[in-house]
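Good morning, colleagues. Please look at the sequence and the structure on the screen while I take you through some selected parts.

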Amino acid sequence: HPPATTDFAVSTDCLSARLEAHSCAAAALNTGLMYFNPTRGSIDFLGKWRDGLRRPKDAYENDQGVFNRLLSSAQRKRQRDAHVLQIHNSLTIGMLPLLYFCSGHVFFTQELPQRQAIQPYVVHTTYQFSHSLGKRQRLREALVWSRDSDEYYTEGNFITFDPTPPRELVENALLTPISRHMRISAFYRVSVRNALAIAQVLNRTLIVPKFQCYCDRWWGDVLPSCLIPDSDQSLPFTCPMDHLFFLPNWDGRVHWREHAFLQNKRLSADIRTSIAHVDVSRPINNSHVSNAVLAPGPFDDTIQATLSDFANYRVLKLGSTASAFCGFRRPELNTAFDNLMDIVLKAEVWFCSRSASGRGRDCTIGYGIPPRLEHVDCDQVAGGHWDSGLTQLQLEGQKKSV
């Protein structure tokens, strides 16, 4: 389907390579990626689009909204090529194939081209939830961001951890998909809070690990299946950081690196080869012998004393951090850190379905912020109870009908 055979070609919000050739004609056309031939049809349409932008339907209608509105009233029919639409008899539009001209969901969330060993021409950072910071983070995670300075990959000391959730959460057949996702997300947030605390104690930067999500995120309805309708997604999947966290709340408050940081070819050899492994409650994996053991439920002074011999290592890889921190000895440090986490870990995410009555939506709203350190039972944490102090609301999310 060469662009030369059409008036213009445009990307789509179709999320399924499986359905692309059959049922994506009704998918929204996305104006982020476009190719125009200088035909009479394209020139006439561009004039109508310009006029529509001068007179939008309302204050919220953007360029893509006007574009799709102009085409929505026209009769669409496919030509012999599944990627070509005929609009009336005067305009021929090419639909750019989604595996080569990728939306954010196709590339970053489903990873459809990667699964098929296809090299896309271009990636559009759509379907993300943290503004421009979310776009940059996704490009970093995919190792396609090249605008960071050399110092980003050569300076500083780092810490990361194993985010694997407990088997009883992953394998519990009694949990609904959304309940599993909310509980595992609560586990991730406790783990991240503790890792950020340890990073602060040791003056290191957190490398946020790769998380597995058990429910997709979207503006529409994903429940009860936890999947976007007509996508090729499967559960669980490696989720971008903005699926779980609101990155503007991190920016300027804590330092972090993306999960692919240690795989980046620009990383200095000094960092890549200077790694110590720290066992907390279980080893990171069986191929590594731990350099140190940190007992569960430690305070900041214990962490400093236990890991002081490893200060010269550029990277500390911890096992699970879910029970790896109980607090600072000085109460004012606890308060300051809790206040910081109340901002950093705040992220309101809605997972919804149509209500049974057909009117409104039934939603689960996450994510809960872990309990403040002053409310954590250190004996329970030392016993491996990562969920000490967590309420049912923090574990399951808020239920709301709207």
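Predicted model: local features only at pLDDT ≥ 70, side-chain atom pairs only at ≥ 80, totals over all residues.

Residues are numbered from 1 along each chain as its sequence is written, and side-chain values use heavy atoms, with hydrogens and water left out.

Helices (H or I, at least four residues) and strands (E, at least two) are DSSP runs, numbered from the N terminus.

Let us begin with helix 2, residues 40-54, and helix 3, residues 63-72, which pack at an angle of about 125° with their axes 9 Å apart. Axes here are lines fitted to C-alpha atoms, for helices over the stretch in contact, and angles run from 0 to 180 degrees between N-to-C directions. The two helices are therefore oblique to each other; angles under 35 degrees count as roughly parallel, over 145 as roughly antiparallel, 65 to 115 as roughly perpendicular, and the rest as oblique. Among the residues of helix 2 that meet helix 3 are Phe45 and Trp49, and the partners in helix 3 include Val66 and Phe67. Contact means heavy atoms within 4.5 Å.

Three strands form an open sheet in the order 16-17-18, with antiparallel pairing. Two strands pair if DSSP finds at least two bridges between them. At the edges are strand 16 (349-354) and strand 18 (398-401), each pairing on one side only. The twist averages 25° from one strand to the next. Strand 17, residues 361-366, is joined to strand 18 by four bridges, and Ile365 stands opposite Gln398 in strand 18. Helix 8 lies across strand 16 and strand 17, at about 20° to strand 17.

Where does helix 10 pack its buried residues? They pack against helix 8 (177-202), strand 13 (275-279), strand 14 (292-293) and strand 15 (315-318). In helix 10, residues 300-307, Asp300, Ile303 and Leu307 are buried. Seen down the helix axis, the buried residues fall within an arc of 60°, so they line one face of helix 10. That arc is taken from the directions from the helix axis to the C-beta atoms.

Finally, Asn339 is found in helix 11, residues 331-344. Is Asn339 buried, partly exposed or exposed? Asn339 is partly exposed, with a relative accessible area of 39%; buried means under 20%, exposed over 50%, and partly exposed in between, using a 1.4 Å probe and protein chains only.
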